[in-house]
Protein chains: 2
Amino acid sequence: MNSIPYKTYLDEAELPTQWYNLRADMKNKPAPLLDPATLQPITAQALGRVFCDELVRQELDDSTPYIDIPQAVRDYYKTFRPSPLVRAYNLEKHLNTPAKIYYKFEGSNTSGSHKLNSAIAQAYYAKEQGLKGVTTETGAGQWGTALSMACAYFGLDCKVYMVKVSYEQKPFRREVMRTYGASVVPSPSMDTAVGRKILQEHPGTGGSLGCAISEAVEAASSIPGYRYVLGSVLNQVLLHQSVIGLEAKAALDKLGVKPDLIIGCAGGGSNLGGLIAPFVGEKLRGEADYRILAVEPASCPSFTRGKFAYDFCDTGNICPLSKMYTLGSSFIPAPNHSGGLRFHGMSSTLSQLYHDGLMEAIAVEQTAVFQAAEEFARVEGILPAPESSHAIRAAIQEALRCKESGEEKTILFGLTGTGYFDMYAYESFHDGRMTDYIPTDAELAQGFAALPKV
Amino acid sequence: MNSIPYKTYLDEAELPTQWYNLRADMKNKPAPLLDPATLQPITAQALGRVFCDELVRQELDDSTPYIDIPQAVRDYYKTFRPSPLVRAYNLEKHLNTPAKIYYKFEGSNTSGSHKLNSAIAQAYYAKEQGLKGVTTETGAGQWGTALSMACAYFGLDCKVYMVKVSYEQKPFRREVMRTYGASVVPSPSMDTAVGRKILQEHPGTGGSLGCAISEAVEAASSIPGYRYVLGSVLNQVLLHQSVIGLEAKAALDKLGVKPDLIIGCAGGGSNLGGLIAPFVGEKLRGEADYRILAVEPASCPSFTRGKFAYDFCDTGNICPLSKMYTLGSSFIPAPNHSGGLRFHGMSSTLSQLYHDGLMEAIAVEQTAVFQAAEEFARVEGILPAPESSHAIRAAIQEALRCKESGEEKTILFGLTGTGYFDMYAYESFHDGRMTDYIPTDAELAQGFAALPKV
């Protein structure tokens, strides 16, 4: 009998009642968002034309360490949280490693990922403000599904611009969102000025998150009673996602376990930022030390090959500018089945931490990621999302290093979701049709050349 | 603050260590299986040519009340169990009912259903016997997925005959099974003599569970080192699935809650039989009383319109005969999106209980089921499987009756799984293309006319 259970669930009474705002403990704060019109730090008023008022407050607040989770949000959290902290005994045995591997599994809800943690909060604040509906973009479809569920719960309209390549790869995602009453549009679309412009310049494009963001923001501005909501990148999203790390840390504390290394996949940073928040907080306050590792796709390597610079978050350049690791807002990544990791930029908070040497990053190739995904599925049972499988790949590599060195390191990684709507990607892997895409230096240089001069 | 949490999980130490064999407490035992060659009660030796030895023992044992769950199976259970017992606060509020609604949710694993509970047990016994692989059939694909996962875990080959209509409606299910290393064949196929015969007699048929069973049994008999395994109907399956009811009852006991009414969908009976087992045990022993309600599709109404008679479990008539409520093994149900409920017969144990007045049954129509499914998804979050949604439909009806009468009944239902691979069905519902199929009396009479004379 193992003293550590396979799965640890917190009791309802142990669930976090406050989110943790990592920025409050950072000495070097993330640089402020800039207004695209003035290139000066953006005002709450200007942001309020795009986002809900309370979310604007959260976005700009870099000093309050803990922010209450509203009761209605906590009640909804109880329908799908706590998520389990899993001891990967079967993976450890399969790898024959002395490493101890844990993962926080966020895929046990119908959105299939951690995205619901922020979606329900954002929908709540929109409802509280008396709004009629929200617009958003979605890449892999996980965020769009999460938002559809949240909007159905609070009785809000929901319009989702879905990256075209995902829309086509994942027809069933659309149907899930429809079950929750959302309307779903493939992006770029002819609905918006920015969509029409992108289609003219790049006919036949599969779209990108940056482009879908532009469309959703434009649509929100043109429909009365609507605001725009975003599933990653922003500080407010990392704040809501801190529930992942807070729960994981509380469960580990209960078990008397301290991780040496924490691994998460990184697209815009929502999962990674949420998972590491309380751990990095301890690190910033000098209370403990942890190695933090971000894993991104080699096809869209913002951290490992990007520039730390001010850039637009969207392709249409109508959103505020953020200082972040970026490949340039004009960079359109090659098709990659991890739709959720196809963003040219990165959370400004994570970018600052990376810049300050508080975390590391690596890029991994797609076929290696699916190899790890299948290996994981067969021994641990769960069929993982391609995005999450980036973290699996890195965790396996680290565990194999422990096998070589004989070190008994404790590894925690974020298993952000399930791959049930990614079976086309798995099929292309099984059929040997999957290839790796690595942008050339010349391709990256093009993106960098188009960075705004700030 | 509600005193009953939204979700109740047992601790690992509270998980059942033994399955409960309901038959041991039945005064009127289910009638014995008959050998198709002799029409006499089948011997262990004859059954052993089709099934693993230990599973034959379990199949024939109607007197041992508790059977140990092997340690390896318990260890695997820990990777996806306990499943949560959920208090449906949001559904209660939405219906404005005084009823208290609970559901045992079995969909939080990659097979998407309760099927894994028996799959892992059957794979374990096959491995212990030194077999090379197993064959099976699958309807909705849930059982095939579960068995693929279980075989991957124990390193067994797995060959799945998938009902053709499901194979076509659910291309991604095939890919999931492939991820776990299984080979998947649409049934009826040209692989087997029985498949060729059925294709000749019914060209263009979408297949049926009864037909896929025949093919899988024939294939198992013809490949050395293989046996056949089945995901429902059999006593051994109900035995393994008793883990659902044992966990549900343990959680309810912890909360101090006694259900008045227990509802489950019924195809072959695996979920319903497992869920109700310990409750019916108390009822049989005179310790407590519960109302038990089986819900079946109006398109395949074994309980409500079938005959209680000896019949073949398969279309090819090569399997043992079971005394059960049946529509006749020649009955091929009209296409229905609940692939898991398209079986002409029913568990002999549940049939005996129904015959003895220990449980009730109703049949519901497909569009009403999907209406309930969507309603449930929007308020409870989880997107349910069509099969499970039969139980949801009935639970909502009963809760609304409580609203009329003012009764504060406690309802427990089985939410067997998720509908993530059923989005074609949801699409046809959303598009208004879904229709209801109710067999005519003349159609049923044809099936009854072909019942074997025993």
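Trainee: How many residue pairs are in polar contact across the interface of chain B and chain A?

Mentor: Please note that this is a predicted model. With both residues at pLDDT 80 or more, 20 residue pairs are in polar contact across that interface. The elements of chain B that give two or more residues to the side touching chain A are α3 (71–80), α6 (142–154), α8 (171–179), α15 (366–380) and α17 (423–430). Of these, α8(B) gives the most, with six residues. By residue class, that side of chain B divides into 21 nonpolar, nine polar and twelve charged.

Trainee: How many salt bridges does the rule find across the interface?

Mentor: The rule finds four. One pairs Arg174(B) with Glu427(A), whose closest N and O atoms lie 3.8 Å apart.

Trainee: What area do chain B and chain A bury between them?

Mentor: The size of an interface is often expressed as the accessible area lost when the parts come together. Here the two chains bury about 4,200 Å², with 58% of it on carbon and sulfur atoms. In chain B, Phe172(B), Thr179(B) and Tyr420(B) lose the most area to chain A, together 17% of what that side buries.

Trainee: Which rotation superposes chain B on chain A?

Mentor: Two copies of a chain are related by a rotation about an axis and a shift along it. Chain B is superposed on chain A by a rotation of 180° with 0.0 Å of shift along the axis, at an RMSD of 0.0 Å. That is the relation of a two-fold axis. In chain B, the C-alpha of Ser108(B) is nearest the axis, 2.9 Å from it.

Trainee: Why do the copies meet through the same surface?

Mentor: They do so because 100% of the interface residues of chain B are also interface residues in chain A.

Conventions: Residues numbered from 1 in each chain as written. Chains lettered and ligands numbered in written order. Predicted model: local features only at pLDDT ≥ 70, side-chain atom pairs only at ≥ 80, totals over all residues. Heavy atoms only, no water. Buried area = accessible area lost by both parts, 1.4 Å probe. Salt bridge = Lys/Arg side-chain N within 4 Å of Asp/Glu carboxyl O. Polar contact = N/O pair within 3.5 Å; in protein donor to acceptor, adjacent residues only side chain to side chain. Helix = DSSP H or I, 4+ residues; strand = E, 2+ residues; numbered from the N terminus. Nonpolar A, V, L, I, M, F, W, Y, C, P; charged D, E, K, R; others polar. Least-squares fit on C-alpha atoms with pLDDT ≥ 70 in both. Contact = heavy atoms within 4.5 Å.
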